[in-house]
Amino acid sequence: MTTPTLRPDLLAIAGLVPAGATLLDLGCGDGSLLDYLRREKGVRGRGIELSEAGVLACVRRGLSVRQGNLQEG
């Protein structure tokens, strides 16, 4: 099984996150960054995403995600 390629901008962000960190990914989209950090750096995290499609993609990856609008608090 091959590891999917992460977008260059997300790789740059991933480089800033220390191994074993705990984080909250706001606007996590399909969860690709959070999934990468979990697998490659042992990060514990949760995502928040507005779109139903993004939330479903995260759930398919086995990520902890909540659907919500950040502007509503």
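Student: How many disulfides does the structure hold?
Tutor: This is a predicted model. A disulfide needs two cysteine sulfur atoms within 2.5 Å. C28 is in no disulfide, and its nearest cysteine sulfur, that of C58, is 3.7 Å away. The count of disulfides in the structure is 0.

Student: Is C28 buried or exposed?
Tutor: The cut-off for buried is under 20% relative accessible area. C28 has a relative accessibility of 8%. C58 has a relative accessible area of 1% and is buried. C28, at 8%, therefore counts as buried.

Student: In which sense do β1 and β2 pair?
Tutor: β1 spans residues 22-26 and β2 spans residues 44-49. L26 stands opposite I48 in β2. The two strands pair over 5 bridges, and the sense is parallel.

Student: Which hand does the unit of β1, α2 and β2 have?
Tutor: Helix α2 covers residues 32-41. Together with β1 and β2, α2 makes a β-α-β unit. That unit is right-handed.

Student: What do the buried residues of α2 pack against?
Tutor: Take the buried residues first. In α2 they are S32, L33, L34, D35, Y36 and L37. After α2 comes G42, with a positive phi near 65 degrees. The packing partners of the buried residues of α2 are α1 (8-14), β1 and β2.

Student: Which side chain of opposite charge is nearest to D25, and how far away is it?
Tutor: D25 lies in strand β1. Beyond four places in sequence, D25 touches L33, L34, R46, G47 and I48. A salt bridge needs a nitrogen–oxygen distance within 4 Å. D25 is buried yet has no salt bridge, and the nearest side chain of opposite charge is R7, at 9.6 Å.

Student: What separates the C-alpha atoms of V55 and V65?
Tutor: V55 sits in helix α3, residues 52-60. V55 is buried, with a relative accessible area of 12%. Leaving aside neighbours within four places in sequence, its contacts are G29, E49, V65 and Q67. V55 and V65 are 10 residues apart along the chain, and their C-alpha atoms are separated by 6.5 Å.

Conventions:
Residues numbered from 1 in each chain as written. Predicted model: local features only at pLDDT ≥ 70, side-chain atom pairs only at ≥ 80, totals over all residues. Heavy atoms only, no water. Pairing = 2+ DSSP bridges. Helix = DSSP H or I, 4+ residues; strand = E, 2+ residues; numbered from the N terminus. Right-handed = clockwise from strand over helix to strand, strands pointing away. Buried < 20%, exposed > 50% of the residue type's maximum accessible area, 1.4 Å probe, protein only. Lys, Arg positive; Asp, Glu negative; His and termini not counted. Contact = heavy atoms within 4.5 Å.
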